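Here is a short briefing to keep beside you while you look through the model. Have the sequence and the 3D view open, and let's go through it topic by topic.

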Amino acid sequence: ISIGLLLLWVSLPLIAEISFPPLTGRVVDQAGLLDVETTTRLEQQLQAHEAATGNQLVVVTLKDLQQGLAIEDYGYQLGRECGIGQKGKDNGVLLIVVPSLRKVRIEVGYGLEGVLTDALSANIIQAVILPRFRDGNFALGITEGVDAIIQAMGGQYSYRPPQNQSNELPPWWVIFFLPLIFLRRFGMGGFYGHHGGHYGGS
C-alpha cells in the first residue's frame with residue numbers, strides 16, 4: 001500500500017464525520033451575529049446580485065469548527081458539498097466567520113479567482129472586515145465585507161490601506177515586538193483572517 005493510499009484510508013473516517021450546516025438561504029447565521037433586519041437585507045442584496053450576475057455569494061457564521069478542522073479545509077469542503085455557484089462555472093464565494101475561534105475566510109470558486117484574487121480577498125478581510133470585528137461590530141463587518149466582495153466581483157473594488165491597530169512606533173519597537181506579533185498571530189489568538197481559497201465543483 002502506498003503512503004498516499006494509507007493516508008487517505010486513515011482520513012476517511014474524519015471526512016465522513018464532517019457535517020455542514022443546511023444552506024437554508026444565502027445567509028446562514030449559526031453563530032447568531034446578525035439580527036433579523038440585517039439578515040433580511042443581506043438576503044435581498046445577495047439574491048439581487050445573483051439574479052443580475054449569476055455569481056453566488058453565501059455568508060456562513062459558525063459556532064465552531066468540527067474536530068479542530070482548519071477553516072481552509074472546512075471552507076473548501078463546504079463549497080464543494082453545497083455546490084456554491086453555478087455548475088460548470090464555479091462562480092461562487094463563501095464568507096465564513098467563526099467568532100469563537102476568531103477566524104474569517106473568503107472561499108472563492110475557480111471561476112472567480114481572476115477577479116476576486118487572494119490579494120483582494122486578504123485586503124477585504126484586513127481592511128474592511130476585521131476593523132469592525134475588533135470593535136465588536138460583527139454585523140457591520142459582515143455587511144461591509146459583503147459590499148466589498150460584490151464590488152471585487154464586479155471589478156470595482158480598490159485596494160484599501162489596512163487600518164493601524166496602534167499609534168506608529170519607532171523601528172526598534174517594531175523589531176522588539178516581532179516575536180510577540182508572531183505569537184499573537186499563530187499561537188495566542190486575536191482575530192485574524194484567511195483569504196482566497198479556491199475550490200472547483202464536481
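R41 and E37 form a salt bridge, with their closest N and O atoms 3.9 Å apart. The two are four residues apart in helix 2, so about one helical turn separates them. Please keep in mind that this is a predicted model.

- R41 counts as partly exposed, at 44% relative accessibility.
- E37 is exposed, its relative accessible area being 58%.

**Other salt bridges**
- In total, the count comes to four salt bridges.
- One of them joins the side chains of E50 and R26, at 2.8 Å from N to O.
- This pair links distant parts of the chain, 24 residues apart: E50 sits in helix 2 (residues 36-53), while R26 lies in the loop between helix 1 (3-17) and strand 1 (27-29).
- E50 is partly exposed, with 21% relative accessible area.
- Another salt bridge brings together the side chains of E144 and R132, at 3.0 Å from N to O.
- E144 is partly exposed at 26% relative accessible area, and R132 is partly exposed at 31%.

**Strands 3 and 4**
- Strand 3 (residues 92-98) and strand 4 run antiparallel and are joined by six bridges.
- Within this pairing, V97 stands opposite V104 of strand 4.
- Strand 4 (residues 103-109) is mostly covered, as seven of its seven residues are buried.
- In a regular strand, side chains alternate between the two faces of the sheet.
- Both faces of strand 4 are covered: K103, R105, E107 and G109 are buried on one side, and V104, I106 and V108 are buried on the other.

**Where to read the model with care**
- The protein has a mean pLDDT of 79, and 72% of its residues reach 70 or more.
- Residues 4-16 have pLDDT below 50, and this stretch has two contacts in the model beyond near neighbours in sequence.
- Residues 196-202 also stay under 50 in pLDDT, and for them the model has 35 contacts beyond four places in sequence.

Methods:
Residues are numbered from 1 along each chain as its sequence is written. This is a predicted model: local features need pLDDT of at least 70, side-chain atom pairs count only at pLDDT 80 or more; totals for chains, interfaces and linings use all residues. Side-chain values use heavy atoms; hydrogens and water are left out. pLDDT is the predictor's confidence in each residue, from 0 to 100. Contact means heavy atoms within 4.5 Å. Buried means under 20% relative accessible area, exposed over 50%, partly exposed in between (1.4 Å probe, protein chains only). Two strands pair if DSSP finds at least two bridges between them.
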